[in-house]
Amino acid sequence: MALLKILAPLCLSLLMVACGGGGGGDAAPAPDPVTVPPLGAQCLSGSVARLALPAPAGAGRNQELALLACPGAQLDAVRWRQTEGAALALGSARSQALSVAPAVAGRYVFGVDFTDARGTSYTGQAELSAAAPEGATMVVRGEPSVWSGGQTSLRAWVDGLAVADYPLAQLRWSRVDGPDVALGDTSQWRVIFTAPAVSQDSVLRLRAEATLADGRRFSQEFSLLVQVAPKPAATPLFGAGNLSSRVYPYVTDGPHAAALRDCIFTPALSSATLCTVGRLPLLGTQTRGELPSVEQVMARVLVSNDWMGQRFEAFLREQDQNGDFRRLLNATTAIVIGGRVRPAFYWSATGAIYLDADYLWQTAAERDSVSEAPDPRSDFGSDLAYRMLWRYVQGNQSAGGRSDVLARASRDSAALIPTLGRLLYHELTHANDFVPPRLHLLLNTGLRVYEATPSNTASDQLRIQLPFYSQQMVDLGRVQFFGAASTAAQRGYQPADVAGFFSTDRTTDGYSYSWPVGQSVPREDAAMLVEEALMQLRHGLLRDVAVTPQLLGGSSADLTVTWGRRGRVGDVAIKPRVALVLAQTMPWLPASFTDGLAAPMPLRAGLSWGQNLDQGALALGVARPLSAAERALEADLDAQRRAARMAR
């Protein structure tokens, strides 16, 4: 094990012989390097960190390495690098823990650099070994570190096992070592839990054991680093139910890196410490309202793993050909992308958008590092008698669904348009609603973003000039999106009743009525209008919306449509509302932009949601059932629908 050394502070050049000075005469002798105890498994006197290393395992199995802060110490600026062995993907190279699965037997060596709370730099070395492959192996993956009190998940699978065979197996999760933890349901291939409270960095070792239908048995462990969470503010803005998680500036030496750390997603953030637009200005203030470069955008990004920044950058370069996403980003101070950000949202308190990394992954390994813990609001409104379904469609095929996680599939950046693309249009409409482009160069630098919001936003104008009408839908929205208790009357509404409320109004989705008590105007109405319009006009994707009975089991594909439309945003009563919002939030678009919206197409009442997908077949008199692959995609879309969005 290599000796851990403190780099001579500030004396980073071998040509420098003393810190702080030049001048004539003989140079003062350089100070001797300060030596600390070896970086081993224990904290010794003078240590600031220790290592937790895995026992040798067969190739193909996951192994975890962790750098733990010794009691009283704080670690920062951690960076792992591989120095020996077949190349491995270090998905969390800038966190205190790594999870790797070497495919080839051999010795693997890693260097690790980090600093302490005073900024003193350290470097050390760690290694692991992989034995010869053992045949079919079981693997457990997940984000290898979590703050105490944070919700996280782990998933197990067996290499080569068909997706259809997983439900036939028996599985059990258990704690092997480390702090006590409540694991909840331990019989699924995925386990979701809250990291235990710890007073110092600790390793929680869990084991997954599976018995397949053919009698074969598998077992594998995962070592999760549970870190002491940073000290929160007395009244933190990110409190219970909406905890922040570890992120860092993607561009380490960017001009706003320090402000990004302090102002956007830290437990220490409170109403008293919110940053002004003088300290962290809008991107549009920096660009003077011009189209930002990708580099300017990326200097505003915070991530929990580097791959998230890499995927976001590639998406902007490859899929933002019209520049809409970058122009809309002018209204933000920062972009947070995290594996535990759920739901995604825009927040006028910070002026930032917060994106769930589940919208960005492109490989199975990237998907592994994103928590599968659900949105806590997923079950709101489950006692109502109806559901509102939606999906994006292109060429009579559903767009945006993903294959089963156990299929270990990948996707390209174009496949992110129906998921990440629609999310960006939605959340960035909020940003430009709160601070429209016309104000980006006029902001008082002493104000916070929410204080700079004018009184005549697009949402204000929409409410005054072209409002929606249905109070019943507003009240139902407070049940579905804010957890308000339903009334007997609301529980008695049948799908036909709700279809009557909605179809005679001029919104595009049930989420348009997400209007919390105390908020002066509804904000989701404008965001839903822009989202659907831009997805159609820029990307050729039409949006289906339907009212059906409540799902009591099985698949939403089998729910009978009571009422539905494809491309409702093109309704003659709705298009003027779209134009009003676009004029305020996207003024670079021509006034005639909404003329290109297609007229809505009715979905067939009495047929299932699945049968209504292929309107081309229905036009020929054939109600085509969904294929097995289409049903799998619909199951994923159902999960996405449950992951409701919010804006604050």
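Biologist: Is the crossing of H7 past H12 left-handed or right-handed?

Modeller: Right-handed, going by the way H7 passes H12. Bear in mind that this is a predicted model.

Biologist: What angle do H7 and H12 pack at, and how far apart are their axes?

Modeller: The angle is about 135°, and the axes are 8 Å apart. H7 covers residues 417–434, while H12 covers residues 524–539.

Biologist: Why do H7 and H12 count as oblique?

Modeller: Roughly perpendicular stops at 115 degrees and roughly antiparallel needs over 145, so an angle of about 135° leaves H7 and H12 oblique to each other.

Biologist: Which residues meet there?

Modeller: On the H7 side they include Ile417, Gly421, Tyr425 and Thr429. Those meet a set in H12 that includes Ala527, Val530, Glu531 and Leu534. An α-helix has 3.6 residues a turn, so residues three or four places apart point the same way.

Biologist: What about H4 and H7, at what angle do they cross?

Modeller: Roughly 90°, with the axes coming within 12 Å; H4 is residues 306–319. That makes H4 roughly perpendicular to H7. Phe312, Phe315 and Gln319 of H4 make the contact with Ile417, Leu420, Gly421 and Leu424 of H7.

Biologist: And H8, which of its residues are buried?

Modeller: H8 spans residues 458–465, and Ala458, Ser459, Asp460, Gln461 and Leu462 are buried in it.

Biologist: What covers the buried residues of H8?

Modeller: H7 and H12 turn up again there, and helix H13 (575–585) is also among the covering elements.

Biologist: Switching to rings. How many aromatic pairs are there?

Modeller: The structure holds 16. One of them is Trp390 with Tyr392, edge-to-face, at 6.3 Å centre to centre and 70° between the planes.

Biologist: Are Trp390 and Tyr392 buried or exposed?

Modeller: Trp390 counts as buried because its relative accessibility is 9%, under the 20% cut-off. Tyr392 is buried too, with a relative accessible area of 1%.

Biologist: Which residues do ring pairs link into a cluster?

Modeller: Phe238, Phe265, Phe345, Trp347 and Tyr354.

Biologist: Where does the charged end of Arg523 sit?

Modeller: Over the ring of Phe434, 4.2 Å from its centre. Another case is Arg463, whose charged end sits over the ring of Phe468, 5.0 Å from the ring centre.

Biologist: OK, backbone now. Is the peptide bond from Arg342 to Pro343 cis or trans?

Modeller: It's cis, with omega near 5°. Pro343 lies in the loop that joins strand E19 (334–338) and strand E20 (345–347).

Biologist: What about phi of Arg288?

Modeller: Near 60°, which is again positive in a residue other than glycine. Arg288 lies in the loop between helix H2 (283–287) and helix H3 (294–298).

Biologist: Is Arg288 buried or exposed?

Modeller: Exposed, with a relative accessible area of 58%.

Note on methods: Residues numbered from 1 in each chain as written. Predicted model: local features only at pLDDT ≥ 70, side-chain atom pairs only at ≥ 80, totals over all residues. Heavy atoms only, no water. Phe/Tyr/Trp six-rings, centres within 6.5 Å; stacked < 30°, edge-to-face > 60°. Buried < 20%, exposed > 50% of the residue type's maximum accessible area, 1.4 Å probe, protein only. Lys NZ or Arg CZ within 6 Å of the ring centre and 35° of its normal. Axes fitted to C-alpha atoms, helices over the stretch in contact; angles between N-to-C directions. Helix = DSSP H or I, 4+ residues; strand = E, 2+ residues; numbered from the N terminus. Parallel < 35°, antiparallel > 145°, perpendicular 65-115°, else oblique. Left-handed = near helix turned anticlockwise from the far one by under 90°. Contact = heavy atoms within 4.5 Å.
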